[in-house]
Amino acid sequence: MIVLNETIHIYHTNDLHSHFEHWPRIHAFLQERKRWHEKEGEVCLLLDIGDHIDRSHPYTEATAGLGNVEMLNDSHYDAVTIGNNEGITLSKKELNLLYTQADFDVIVGNLFHPDGERPNWAKQHHILTTAGGTRIGLIGATAEFTPFYERLGWKVTPGREALIEAAAAIRAEADIIICLSHLGIREDEILAAESNDIDIILGAHTHHVFHEGKQIDAVLLGAAGKFGAYIGHVTIEGEHSSRARLVETASLPEAEPEFNHRLLSYGKDMLSDPVFSNRRLLKAEWFKDSEMADEFAEALLLFSGADCAMFNAGIFMKDLKEGIVTRFDFHQLLPHPINPCLIELSGAELREIYLESLNSEWPEIQLKGLGFRGTVMGKMIHRELQMNGHTLEVQGNAVQPDHTYRLITLDMFTFGHFFPSLKRAQKTYFMPEFLRDVFALYFQKRF
């Protein structure tokens, strides 16, 4: 047992997802606490556990996340790990540039170039030595969205294995090992049971909340939900005893109420370059076919070379106005960090997917997550794919059960939630293009 001669305070945030309306309160609270603890001669560390960025916010979109890093710098964070929003919603070039001006360490032990080299901005682990001589080891890992990372030119390895390896590597050099885990609650719980070296796991990704932490064997788990609703606080003192609690952001004094509005304005200005001149208004319709859906289906088919298309109408968040349409307009229309996905299916499999998509309850579902940043699922739209009596047709021809067809759809339908069979199907993700990029390119080529 390690006996500490000082008190260590760890404040942690996770899964902000560019919900900047909470950031001024978080910033003010953290700076106040840091001053307070340092005045008392106590240690104070600020850590972020990933998904601070979300390209659904215009400011993050316009700055490719660099604005988020500036905020973390301004708040004097000590270390972060990356989430899937940093890792797979930015191009490889953008991610390699993201932390060039960071004043903090980026700890992610399971991300590599294809040749096995670690990116120069990432560390497997980092050890901080406090004024009192306590050696604090930091390790981190991100969620394994393997096909997405591979399409972007990265190699990602199993996070739990990487964390166990990193902890073992520094156990002899560290008095306390803190894990920054963007793996999710289930992986964190398994990690806590498997590792003999990790003392504290700060979790993220699944947006779970531990109001007073969770103890598994000798490991303390902390988690602060999502969107900046909470700030986590872990205190370590005495005979290496630790306790966790959460601070509710809404209970803090208001600070800079116009902060998010100002960032939205900045983002709009930075995305103001015109894409094309639209000849007619296209309405966003969630529960019926529309000209917008027709144009979007054509855009997907031309972009991918697929035989047929399927998507949900709830993705359209704004009308596409008549007149000059800017990058900002396309961002507001399709704010989702969702990529197109081409799936190869047999005729029999395609028929099964088509019939599943007719679920009468789906249009009204209030959908959260999976990259979707809208409100409801909306009607499922099919193009070059229709039922004629009891016969499914692709491009007007009867589907042959053993023939292979190429379906273009949205990546969120491949994660197994709506169509379990698509999780196992042969598929190609188009990256780094988002849906808005495909739609904008379609109109640029037409006009």
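Guide: The largest pocket has a volume of about 1,400 Å³. This is a predicted model, where local features need pLDDT of at least 70, side-chain atom pairs count only at pLDDT 80 or more, and totals for chains, interfaces and linings use all residues. Residues are numbered from 1 along each chain as its sequence is written, and side-chain values use heavy atoms, with hydrogens and water left out.

A pocket here is an open set of points on a 1 Å grid over the protein atoms alone, where a 1.4 Å probe fits, with protein on both sides within 12 Å along at least five of seven lines. Its volume is the space filled by probe spheres set on the points, which are joined across faces, edges and corners. Lining residues have an atom within 4 Å of a point.

The lining of the largest pocket holds 49 residues. Nearest the centre lie Asn84, Gly369, Leu370, Gly371 and Arg373. By class, the lining has 16 nonpolar, 19 polar and 14 charged residues. Ala, Val, Leu, Ile, Met, Phe, Trp, Tyr, Cys and Pro count as nonpolar; Asp, Glu, Lys and Arg as charged; the others, Gly among them, as polar.

Several elements contribute. At least two lining residues each come from α4 (84-88), α6 (146-151), α7 (159-170), α9 (259-270) and β24 (426-429). Helices (H or I, at least four residues) and strands (E, at least two) are DSSP runs, numbered from the N terminus.

For context, the second largest pocket holds about 360 Å³ of space. Its lining has 19 residues, and Arg55, Glu61, Arg327, Arg436 and Asp437 are the closest to its centre. There, α13 gives the largest share, five residues. That lining has nine nonpolar, three polar and seven charged residues.
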